[in-house]
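Have the model open and follow along.

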Amino acid sequence: MATFNNTATLSYNGQVTNSNVVTGEILDALSATKTILDSTYGAGDTLTYVISIINSASTPISGISVTDNLGAYTTDEGATVYPLDYVDGTVRLYADGVLTTAPAVTQGPPVVFEGISVPANGNVILIYEASVNAFAPISEGATITNVASVTGANISIPITATAIAQADSEPELTISKSVYPETVFEDGQITYTFVIQNSGNTPATTEDNVVVSDNFDPILSNLAVTLDGQPLAVTDYTYNQATGEFATTAGSITVPAATFALDGTGRWVTTPGVAILRVTGTV
């Protein structure tokens with residue numbers, strides 16, 4: 001909105017006098033808000049954005065464009081990077097609650113939606129998806145702030161709406177298993193190695209109740225169990241030698257958080273935290 005001031009001048013018989021100052025206000029016909037259906041993100045996630053544009057005027061307003069900067073920010077090297085990618089074909093446009101023709105899209109970045117009309121005393125809702133890419137910071141406390149700008153021939157000052165997504169603060173674990181040797185004689189020893197990786201920005205602690213379970217076939221005897229090279233206490237796992245069922249005790253395994261670093265292009269590189277569980281026995 002904008003205010004204006006106005007003064008009149010009266011001239012007579014070579015004299016000039018001014019009136020009082022009057023003040024008025026021009027209200028914006030359009031307003032906009034932007035929200036995210038899920039305001040947290042992790043690497044590779046897809047976020048759904050909703051932009052609502054309200055027209056308070058008694059006439060429709062057409063020729064509107066919406067530009068989303070996809071979270072653009074400047075790196076320490078001075079480069080502009082975009083942590084989000086518009087997901088092609090996901091845009092939907094509702095006018096007064098009714099699905100209507102989708103706007104034209106320039107994917108960018110930034111992404112631009114064009115040719116939007118807002119009904120008189122009505123609203124439109126623009127819904128679209130964006131995926132989190134390698135330029136998105138994912139360390140604990142990191143955020144993506146992206147701004148949508150609403151412009152058009154009848155809009156003197158762009159209308160902006162902002163949404164902030166925050167990086168998930170939780171461990172993200174995966175596990176892989178290998179055996180050595182792959183060929184063994186009867187009464188020989190084999191070792192199962194379980195590599196647990198944490199790509200999350202917080203460690204997996206005892207409170208996360210991490211459990212590794214397996215059913216060894218063939219059944220092993222004379223078990224020796226280590227975690228990160230240190231013997232695991234017998235109270236930290238259970239083993240049924242009659243069935244081969246093995247399981248660590250909930251909370252006996254912890255996994256450090258991943259570390260994150262920028263490469264020369266502004267992309268974030270994740271180095272997972274690792275815990276290694278080894279079980280050795282006789283077949």
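Start at valine 179: its bridge partner is tyrosine 192 in β18. This is a predicted model, where local features need pLDDT of at least 70, side-chain atom pairs count only at pLDDT 80 or more, and totals for chains, interfaces and linings use all residues. Residues are numbered from 1 along each chain as its sequence is written, and side-chain values use heavy atoms, with hydrogens and water left out.

Strand β17 (residues 173-180) runs antiparallel to β18, and eight bridges join the two. Strands here are DSSP runs of E with at least two residues, numbered from the N terminus, and two of them pair if DSSP finds at least two bridges between them.

β18 also pairs with strand β26 (residues 273-282), again antiparallel, through 10 bridges. Look for threonine 191, whose bridge partner in β26 is threonine 280.

How buried is strand β18? Seven of the 10 residues in β18 (residues 189-198) are buried (under 20% relative accessible area, with a 1.4 Å probe and protein chains only), so the strand is largely enclosed by the rest of the structure.

Next, hop over to an open sheet of three strands, ordered β19-β23-β22 with antiparallel pairing. Its edge strands, β19 (213-215) and β22 (237-240), each pair on one side only. Between β19 and β23 (residues 245-248) there are three bridges, in the antiparallel sense. To spot this pairing on screen, find asparagine 215, which stands opposite glutamate 245 in β23.

Note on methods
Helix = DSSP H or I, 4+ residues; strand = E, 2+ residues; numbered from the N terminus. Buried < 20%, exposed > 50% of the residue type's maximum accessible area, 1.4 Å probe, protein only.
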